[in-house]
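Please read them with the structure open.

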Amino acid sequence: MIEGYITVSEMAKKWGVKPRAIQMMCLKGKIYGAQKIGNMWMIHAETDRPVAERVKTGRYIKEKET
């Protein structure tokens with residue numbers, strides 16, 4: 001392994017999510033510094049978890065236009 005980098009499965013355990021979610025974040029470019037080496041994603045060990053951009057209330061929030 002490359003020093004300072006961890007695999008998708010290790011990051012999934014660290015963040016408490018499924019490995020597929022980490023793979024999709026890497027593919028979409030949401031994890032800064034993630035690199036694909038062969039068929040594996042390598043992520044810097046000190047990378048912060050990206051902020052979720054979805055609305056969690058279940059409804060769309062929009063400012064009223066006046």
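1. Among contacts in the protein (heavy atoms within 4.5 Å) between residues at least 6 apart in sequence, 49% join residues at least 24 apart. The model is predicted, with local features needing pLDDT of at least 70 and side-chain atom pairs counting only at pLDDT 80 or more, while totals for chains, interfaces and linings use all residues. Residues are numbered from 1 along each chain as its sequence is written, and side-chain values use heavy atoms, with hydrogens and water left out.

2. The protein has two helices and three strands, and from the N terminus on the order of elements is β-α-α-β-β. Helices (H or I, at least four residues) and strands (E, at least two) are DSSP runs, numbered from the N terminus. Of the 66 residues, 24% count as buried. Buried means under 20% relative accessible area, exposed over 50%, and partly exposed in between, with a 1.4 Å probe and protein chains only.

3. The three strands form an open sheet in the order β1-β3-β2, with antiparallel pairing. Two strands are taken to pair if DSSP finds at least two bridges between them. β1 (5-7) and β2 (35-37) are the edge strands, each with a single partner, so one side of each has no neighbour in the sheet. From one strand to the next, the twist averages 40°.

4. Three bridges join β1 to β3, and the two run antiparallel; Ile6 has Ile43 as its bridge partner in β3. β2 and β3 also pair in the antiparallel sense, over three bridges, and here the partner of Lys36 is Trp41 in β3. The hairpin of β2 and β3 has two residues between the strands, and in it Gly38 takes a positive phi near 70°.

5. How do the two helices α1 and α2 cross? Their axes come within 8 Å and cross at roughly 110°. Axes are lines fitted to C-alpha atoms, for helices over the stretch in contact, and angles run from 0 to 180 degrees between N-to-C directions. α1 and α2 are therefore roughly perpendicular to each other; the classes are under 35 degrees for roughly parallel, over 145 for roughly antiparallel, 65 to 115 for roughly perpendicular, and oblique for the rest. The crossing is right-handed, that is, the near helix is turned clockwise from the far one by less than a right angle, anticlockwise being left-handed.

6. At the meeting of the helices, Val8, Met11, Ala12 and Trp15 in α1 face contacts from Pro19, Ile22, Gln23 and Met25 in α2. α1 also lies across β1 and β3, running at about 90° to β1. Ser9 is found in α1 and counts as partly exposed, at 38% relative accessibility. The C-alpha atoms of Ser9 and Pro19 are separated by 5.4 Å, with the two residues 10 apart along the chain.

7. The largest nonpolar core has 13 residues, of which Met11, Trp15, Ile22, Cys26, Ile31, Ala34 and Ile43 touch the most other members. A nonpolar core is a set of buried Ala, Val, Leu, Ile, Met, Phe, Trp, Tyr and Cys residues joined through side-chain atoms within 4.5 Å. The elements giving two or more residues to this core are α1 (8-15), α2 (19-27) and β3 (40-44). α1 gives the most, with four residues.

8. Is Ile22 buried or exposed? Ile22, in helix α2, is buried, with a relative accessible area of 0%. Not counting residues up to four places away in sequence, Ile22 touches Val8, Met11, Ala12, Trp15, Val17, Ile31 and Ile43. Ile22 and Ile43 are 21 residues apart along the chain, and their C-alpha atoms are separated by 9.7 Å.

9. Ala34 is another of the core residues that touch the most other members. With residues up to four places away in sequence again left out, Ala34 touches Cys26, Trp41, Met42 and Ile43.

10. Leu27 also lies in helix α2, but Leu27 counts as exposed, at 60% relative accessibility. Leu27 and Trp41 are 14 residues apart in sequence and 9.1 Å apart in space, C-alpha to C-alpha.
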